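Visitor: I am new to this structure and would like to know what lies behind the words used for it. Please show it to me, and then I will ask.

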Amino acid sequence: MSDDMTISDNFMTDEWRPFIHFTPEKNWLNDPNGMVYFAGVYHLFYQYNPDGDKHANMHWGHATSTDLVQWQHHDIGIYAAPEGLGYIFSGGAVVDVNNTSGLGNGNQPPLVATFTHHSEDAVQVQSLAFSQDAGKTWQEYENNPVIANPGIKDFRDPKVIWDDERNQWVMALAAGQVIQFFVSRNLIDWQLVSEFGEGYGEHGGVWECPDLFPLTTANGITKWALLVSIHPGGPNKGSATQYFLGDFDGTHFVSSQTETKWLDYGPDNYAGVTWDGLQATSNKRIFIAWMSNWLYANDLPTHPWRGGMTLPRELTLVETDNDFFLSNLPSEDILALRTQYILDVGQVKSLPQSSAYEVIWKFDKSIGNNTITFANNADEKLVINYIAEGNAIEIDRTQSGWIDKGFGQIAVAPLKLIDESEIALSIIIDRSTAEIFCENGLSTLTSNIFPSMPYCKLMVKSNCTVKCFELKAQ
Ligand code: FRU
């Protein structure tokens with residue numbers, strides 16, 4: 001597709017709408033918000049402009065799912081009040097099991113959302129909204145804001161967890177280029193207890209959308225993880241999410257980490273956080289992120305919607321090579337969709353056309369550089385390379401289709417397991433999305449793609465095995 005393609009108002013690009021990824025029916029979407037699981041239902045709110053396909057006029061859109069695959073769209077969850085406290089920026093939501101906030105009506109625990117109000121003159125304060133009917137309808141707390149602005153320009157994205165050990169709520173909040181921690185007994189009165197970030201990680205841009213939570217390895221070692229999105233300053237330009245592993249004692253997060261750890265090396269995984277409320281039934285931390293990059297998000301060529309989410313992924317804590325990492329792999333609800341698909345034998349293999357699919361590409365490292373290519377009949381291709389020198393995976397979308405506005409770039413992810421003899425990649429393609437999971441999720445690359453017609457051929461270079469699964473929602 002040519003670089004100068006323009007989108008007219010009645011132009012529809014349904015051929016780019018993913019099968020199993022969340023997208024809004026129409027208009028602009030960015031960060032996932034208010035992710036809370038309650039009574040068997042996953043709630044997903046998101047930064048949403050109900051009136052247009054550019055970032056402006058932020059409300060919280062709302063969708064629900066029982067399986068993380070099929071989503072039901074709902075009315076706006078929380079409305080902007082431009083004349084009042086302002087637009088509704090990012091944040092989280094929790095199940096207030098013991099009604100500590102007093103916002104419940106006695107029938108069932110209230111769900112409480114924490115978010116940033118961003119006023120017309122760009123002052124950011126923290127506010128609450130709550131639901132007394134299991135997330136169906138939401139109302140704003142009457143005494144908002146609960147945290148006033150202390151004179152910091154970028155002061156936003158409150159994400160709260162329940163700290164069972166200390167019987168308190170803990171809020172992580174982005175403040176300039178650090179994360180501030182606040183504690184509360186009731187979600188209403190908050191006390192600033194510490195901040196983290198100076199001298200840690202990347203500081204090439206503003207810090208946004210923090211998320212703090214504990215995880216335990218298969219061997220029973222627990223660490224606290226702090227996710228922090230940053231823009232610009234990502235490893236492959238623009239937006240990305242770094243993470244820190246350490247300990248949290250109820251007031252302070254401490255980490256001995258010296259290198260920067262990235263949750264994903266692709267250009268399109270941003271502002272991701274995890275679901276609250278699952279901890280009541282399992283130890284799972286399910287993560288979802290906005291699949292875009294502030295560098296070009298406002299220009300992506302889809303219509304009538306613009307912006308979507310990554311696949312939901314399960315985060316786990318892994319100890320390897322005397323260090324700890326987060327791994328992220330598609331949640332089991334996604335993997336349960338796998339149906340084996342037989343690819344034609346020979347060098348050129350034909351890809352499924354009517355569903356999302358996963359290609360598992362394996363080969364021995366001793367082969368050296370290697371390549372797998374997804375191509376269509378319009379001479380467009382998505383190329384994935386293994387670069388032996390440097391032990392890295394590269395995703396090259398320079399000829400993948402629409403490549404306007406700096407979109408057509410190459411992104412590189414270093415592999416972590418030096419001693420591993422085999423390379424095994426899971427590559428999930430869902431129309432305009434490509435997600436690559438290397439080393440069982442230790443290194444991942446998330447990338448949008450906009451081919452002018454679906455890729456139909458798979459080309460592999462040298463000795464390797466290739467397996468393909470359709471990922472079909474029932
Ligand atoms: C991250 C972000 C958040 C902010 C929201 C505004 O992408 O900039 O920090 O709350 O988007 O839409």
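Visitor: What makes D396 a residue without a salt bridge?

Guide: In this predicted model, the nearest side chain of opposite charge to D396 is K381, 7.8 Å away. A salt bridge needs a side-chain nitrogen of Lys or Arg within 4 Å of a carboxyl oxygen of Asp or Glu, so D396 has none, although D396 is buried.

Visitor: Where does D396 lie, and what does D396 touch?

Guide: D396 lies in strand β28, residues 392–396. Leaving out residues up to four places away in sequence, D396 touches K381, L382, V383, Q409 and I410.

Visitor: Why is the link between D396 and T398 called a polar contact?

Guide: The side chains of D396 and T398 are joined at 2.6 Å. The cut-off for a polar contact is 3.5 Å between N or O atoms, so the pair falls within the limit.

Visitor: How do you know that R397 and D268 form a salt bridge?

Guide: The closest N and O atoms of R397 and D268 are 2.8 Å apart. The limit is 4 Å, so the pair counts as a salt bridge. R397 lies in the loop between β28 and β29 (410–414) and D268 in the loop between β17 and β18, so the bridge ties together parts that are 129 residues apart in sequence. Both R397 and D268 are buried.

Visitor: What makes R313 and D264 a salt bridge?

Guide: Their closest N and O atoms are 3.1 Å apart, and the limit is 4 Å, so the pair qualifies. The pair links distant parts of the chain, 49 residues apart: R313 is in strand β21 (residues 313–320), and D264 is in the loop between β17 (261–262) and β18 (270–274).

Visitor: Why are R313 and D264 called buried?

Guide: Buried means under 20% relative accessible area. R313 has 0% and D264 has 2%, so both are buried.

Visitor: What makes R306 and D53 a salt bridge?

Guide: The closest N and O atoms of R306 and D53 are 3.5 Å apart, which is within 4 Å, so the pair counts. R306 lies in strand β20 (residues 305–306) and D53 in the loop between β2 (41–49) and β3 (59–65), so parts 253 residues apart in sequence are tied together.

Visitor: Are R306 and D53 buried or partly exposed?

Guide: R306 has 8% relative accessibility, under the 20% cut-off, so R306 counts as buried. D53 has a relative accessible area of 22%, between 20% and 50%, so D53 is partly exposed.

Visitor: How many salt bridges does the structure hold?

Guide: The structure holds 17. A network of salt bridges links K153, D154, R156, D157 and E208.

Visitor: Why is V228 called buried?

Guide: V228 has a relative accessible area of 0%, under the 20% cut-off, so V228 is buried. V228 is in strand β14, residues 222–231. Neighbours within four places in sequence aside, V228 is in contact with residues including W207, E208 and F244. V228 and F244 are 16 residues apart in sequence, and their C-alpha atoms are 8.1 Å apart in space.

Visitor: How many cavities of 30 Å³ or more does the structure hold?

Guide: There are two. About 120 Å³ of space lies in the largest cavity. This cavity is lined by 14 residues, of which W305, G307, G308, S432 and N448 are the closest to its centre.

Technical notes:
Residues are numbered from 1 along each chain as its sequence is written. This is a predicted model: local features need pLDDT of at least 70, side-chain atom pairs count only at pLDDT 80 or more; totals for chains, interfaces and linings use all residues. Side-chain values use heavy atoms; hydrogens and water are left out. Helices (H or I, at least four residues) and strands (E, at least two) are DSSP runs, numbered from the N terminus. Buried means under 20% relative accessible area, exposed over 50%, partly exposed in between (1.4 Å probe, protein chains only). Lys and Arg count as positive and Asp and Glu as negative; His and the chain ends are not counted. A polar contact is a pair of N or O atoms within 3.5 Å; within protein, one must be able to donate a hydrogen and the other to accept it, and residues adjacent in sequence count only if both atoms are side-chain atoms. Contact means heavy atoms within 4.5 Å. On a 1 Å grid over the protein atoms alone, a cavity is a set of points where a 1.4 Å probe fits but cannot get out, and a pocket is an open set with protein on both sides within 12 Å along at least five of seven lines; lining residues have an atom within 4 Å of a point. Grid points are joined across faces, edges and corners, and a volume is the space filled by probe spheres set on the points.
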